[in-house]
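Here's a quick briefing on a single model, meant to be read with the structure open in your viewer. Take a look first, then work through the notes by topic.

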Amino acid sequence: MVTVPDEVRSQPRVPPRWFVRTAWWVHRGLYRVTGGRFGLRRPRGHRWGMLRLTTTGRRTGREHSVIVAYIENGDDLVTLAMNGWAEGDPAWWLNLKAHPEATVDLVHESRPVRAHAAQGAELDQLWTAWRVYDHELDAYAALRTTETAVVVLSPWEQPTHL
């Protein structure tokens, strides 16, 4: 019988990258095929929600959409730039750093937002809030050498030009 040390046993298991990417692809496909009736949900209780985020490509200038987990903080929507717990920042976060204005689709509405990375006390407060939804958050984040940005999507009104 092999004895597994506690520190190894306590590490969360992340599915293989091919599985994660396939799950993302299927999720987006189901959203498209059902005309948005499947794939999004509001956060409830201790369960995070899912929203569709549409960003502007930093190199192409074309729209790109992803479905990400989120929680609510007042009027703000908060997500994690975790890249499926793989190394590096996800493309959508790199796009938002270049072009912070985006659109989110929620269960029954669409809204323009402006993104920023939480810093300081805001970061601490939001990271703590995420722990309610994922008790292994710190363990997952420790799997990455890249810092996991906490991304705040705030309501934004597009300026009108005269």
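**Quick tour of the model**

The side chains of Thr 54 and Ser 65 make a polar contact at 2.8 Å (a pair of N or O atoms within 3.5 Å; within protein, one must be able to donate a hydrogen and the other to accept it, and residues adjacent in sequence count only if both atoms are side-chain atoms). Bear in mind that this is a predicted model, where local features need pLDDT of at least 70, side-chain atom pairs count only at pLDDT 80 or more, and totals for chains, interfaces and linings use all residues. Residues are numbered from 1 along each chain as its sequence is written, and side-chain values use heavy atoms, with hydrogens and water left out.

**Confidence and overall layout**

- The chain's mean pLDDT (the predictor's confidence in each residue, from 0 to 100) is 86, and 89% of the residues reach 70 or more.
- Residues 1-9 stay under 50, and the model gives them one contact beyond four places in sequence (contact means heavy atoms within 4.5 Å).
- You'll find five helices and six strands, running α-α-β-β-β-α-β-β-α-α-β along the sequence; both are DSSP runs numbered from the N terminus (helices H or I, at least four residues; strands E, at least two).
- Of the contacts with a separation of 6 or more, 64% are between residues 24 or more positions apart.
- Of the 162 residues, 38% are buried (under 20% relative accessible area, with exposed over 50% and partly exposed in between; 1.4 Å probe, protein chains only).

**Buried spots**

- Thr 54 sits in strand 1 and is buried at 11% relative accessible area.
- Beyond four places in sequence, Thr 54 touches Glu 63, His 64, Ser 65, Ala 102 and Thr 103.
- Thr 79, in strand 3 (residues 76-81), is buried too, with a relative accessible area of 2%.
- A polar atom of the Thr 79 side chain lies 2.6 Å from the backbone oxygen of Ala 69.
- Contacts of Thr 79 beyond four places in sequence include Trp 92, Trp 130 and Leu 153.
- Ala 141 belongs to helix 5 (residues 137-142) and is buried at 17%.

**Salt bridges**

- The structure holds six of these (a side-chain nitrogen of Lys or Arg within 4 Å of a carboxyl oxygen of Asp or Glu).
- Asp 105 and Arg 52 form one of them, at 3.1 Å N to O.
- That pair links distant parts of the chain, with Asp 105 in strand 4 (residues 101-105) and Arg 52 in strand 1, 53 residues apart.
- Asp 105 is buried at 14%, whereas Arg 52 is partly exposed at 24%.
- Arg 114 and Glu 101 form another, with their closest N and O atoms 1.9 Å apart.
- Arg 114 lies in strand 5 (residues 110-117) and Glu 101 in strand 4, so this pair ties together parts 13 residues apart in sequence.
- Lys 97 pairs with Asp 89, the closest N and O atoms being 3.4 Å apart.
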